[in-house]
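Here is a short note to read beside the model. Take the points in order, and keep the structure in view.

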Amino acid sequence: MKAKRLMKAKHSSKETRVSKAKQLSLDIITALPQSIIETILCLLPIKEAARTSILSREWRYKWTTIPKLDFSQPRGGQILETRELFCAINQVMSLRQDPIHEFTLYIDDLELFEQPGFPSRELDQIIVHLSRNHIVKKFRLEFDPYSCCSYNYPLSIFKLHHLTELYLGLCGLDHQPTFNGFGSLTILSLDFVRISVKTLLHLLSNCPSLKSFSLLMLENQTLGHEKSTMIELFECLPVIEHLTIGGDINDIIRWFVPDLVPQELPTSIIHLKYFRFEQMLFLDGYGLTFLAVLIKNSPNLEKIELEIDSNHYLCFEEGDSYLLEECHSDVWLEHMSDVWLEHLNELKIKYFSNLEPELQFVKFILARSPKLKKVSIKSEVKKDQESAMLKTLLRAPRSKQISRKQMNLGGL
């Protein structure tokens, strides 16, 4: 009996110590400056941050002061069923005691957007509320990339005047906004947004501080039949440093490249350090012409990254490679005789097919980049062709300055 009482006393003593340790840990966290507590809470998903309200009376509303609202899964994905999600967003916003500086929302239940009213109306109201009541600096609205969505962004999104980062995806921006511009916007990402050339240029021309721009688009997402030029495009991007273009890239490029002759830009793109092309196509020469203009007018380029659209080659038989080469125009090389990439230090290419246009481009880069340190080429050629391809590239002028470790050639 005595032994049982002792064991009970020890167990009770252990629970007391654990409880005191937890309370001490909580007291230590509570004693931290409010700015540090907000930083910690911002690192938690919104559901987890809200659960801290049960820790104590003092913690009940701490989560409502964090400036960042993220209604998405850590790796993308919808956190709740759509109706529950919008109810949760409205509830969280009604409890807000402090400004919202960052807002992220991911939706994959897109079939509901085919219906009139909900949830398009609710989403419009959220954007209106943010534009009227908060100084939002980062706004991200993402939808399931494998679905179609008929949602069109409301004009109120252009009233978020304090934005520094804007990420829009998979919806429509089919009206030309009349707004004073995003004077502080430095990052803009348009992923599969339905938009016209006119609206795009108007948007870009009103973002004078834009340093990073990403445009991913499919052919059926272009609105209207307007054409433009690379001159007009880069006049809207005077301080651009990072540029990404992808999707049906040649359809996008044909918006801005009227013919195969590289255009001379009135002023150099002196701030551009990195560009990435996804689904790059060498066949018709337009892709190379766009590259040529960029390279010729970007004296401070540091990194080039290309992902070649190999699907266009599948319709050709192995013995028909000469047909591909005939599709290519060498006119761009004639305009590049005086070009040197003095600051380029990295070249990455994915889905390299070892065809003549691609080889000529890589050899040109190797020959004209004295500070090139790293070359990574992931090819689709057969194993027995890799060695010949490597020998061809290593015969290019200046290629010996890159060691075999630095020149990473291999299959995908």
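1. Start with a cut-off. Buried means under 20% relative accessible area, exposed means over 50%, and partly exposed is in between. Now apply it to Tyr351. At 24% relative accessibility, Tyr351 counts as partly exposed. Tyr351 lies in strand 12, which covers residues 346-352. Its backbone deserves a look too. Tyr351 is not a glycine, yet its phi is positive, at about 65 degrees.

2. A word on what you are looking at. This is a predicted model. The protein chain has 412 residues, and 47% of them are buried. Its secondary structure comes to 13 helices and 14 strands. Consider the contacts in the chain with a separation of 6 or more. Residues 24 or more positions apart account for 75% of those contacts.

3. Phe192 is another residue to check for its phi. The value is near 55 degrees, which is positive in a residue other than glycine. Where does Phe192 lie? Phe192 sits in the loop between strand 5 (187-191) and strand 6 (195-196). At 21% relative accessibility, Phe192 counts as partly exposed. The reason is the cut-off: buried means under 20%.

4. Turn to helix 4 and helix 5. Two packed helices are described by the angle between their axes and the distance between the axes. Helix 4 spans residues 82-94 and helix 5 spans residues 120-133. They pack at an angle of about 20 degrees, and their axes are 11 Å apart. That angle makes helix 4 roughly parallel to helix 5, because angles under 35 degrees count as roughly parallel. The crossing of helix 4 and helix 5 is left-handed.

5. Which residues make the contact of helix 4 and helix 5? Helix 4 supplies Phe86, Ile89, Asn90 and Met93. Helix 5 supplies Glu122, Leu123, Ile126, His129 and Leu130. Sorted by class, the residues of this contact are six nonpolar, two polar and one charged.

6. Stay with helix 5 and test its length. Helix 5 has 14 residues, and at 1.5 Å a residue they should span 20 Å. The end C-alpha atoms of helix 5 are 20 Å apart, so the two values agree. Next, look at which residues are covered. In helix 5, Ser120, Glu122, Leu123, Ile126, Ile127, Leu130 and Ser131 are buried. The buried residues of helix 5 pack against helix 4, strand 2 (102-107) and strand 3 (138-143).

7. Helix 12 covers residues 356-368, and the length test works there as well. Its 13 residues should span 18 Å at 1.5 Å a residue; its end C-alpha atoms are 18 Å apart, which agrees. How many residues of helix 12 are buried? The count is 10 of the 13, so helix 12 is largely enclosed by the rest of the structure. The buried residues include Phe361, Phe364 and Ile365, along with the charged residues Glu358 and Arg368.

8. Helix 12 has a partner in helix 9, residues 286-296. The axes of the two helices come within 12 Å and cross at roughly 10 degrees. That makes helix 9 roughly parallel to helix 12. From helix 9, the contact uses Leu288, Leu291 and Ile295. From helix 12, the contact uses Pro357, Phe361, Phe364 and Ile365. By class, this contact has seven nonpolar residues, no polar ones and no charged ones.

9. Finish in strand 4, residues 165-169, with Gly169. Is Gly169 buried or exposed? At 8% relative accessibility, Gly169 counts as buried. Gly169 and Phe143 are 26 residues apart along the chain, and their C-alpha atoms are separated by 6.3 Å. Leave aside neighbours within four places in sequence. Gly169 is then in contact with Leu141, Phe143, Tyr153, Asp191 and Val193.

10. Leu166 is also found in strand 4. Leu166 is buried, with a relative accessible area of 3%. Not counting residues up to four places away in sequence, Leu166 touches Phe139, Phe182, Leu185, Ile187, Leu188 and Ser189. Take Phe182 from that list. Leu166 and Phe182 are 16 residues apart in sequence, and 9.8 Å apart in space, C-alpha to C-alpha.

Notes: Residues numbered from 1 in each chain as written. Predicted model: local features only at pLDDT ≥ 70, side-chain atom pairs only at ≥ 80, totals over all residues. Heavy atoms only, no water. Axes fitted to C-alpha atoms, helices over the stretch in contact; angles between N-to-C directions. Helix = DSSP H or I, 4+ residues; strand = E, 2+ residues; numbered from the N terminus. Parallel < 35°, antiparallel > 145°, perpendicular 65-115°, else oblique. Left-handed = near helix turned anticlockwise from the far one by under 90°. Contact = heavy atoms within 4.5 Å. Expected span 1.5 Å × (residues − 1). Buried < 20%, exposed > 50% of the residue type's maximum accessible area, 1.4 Å probe, protein only.
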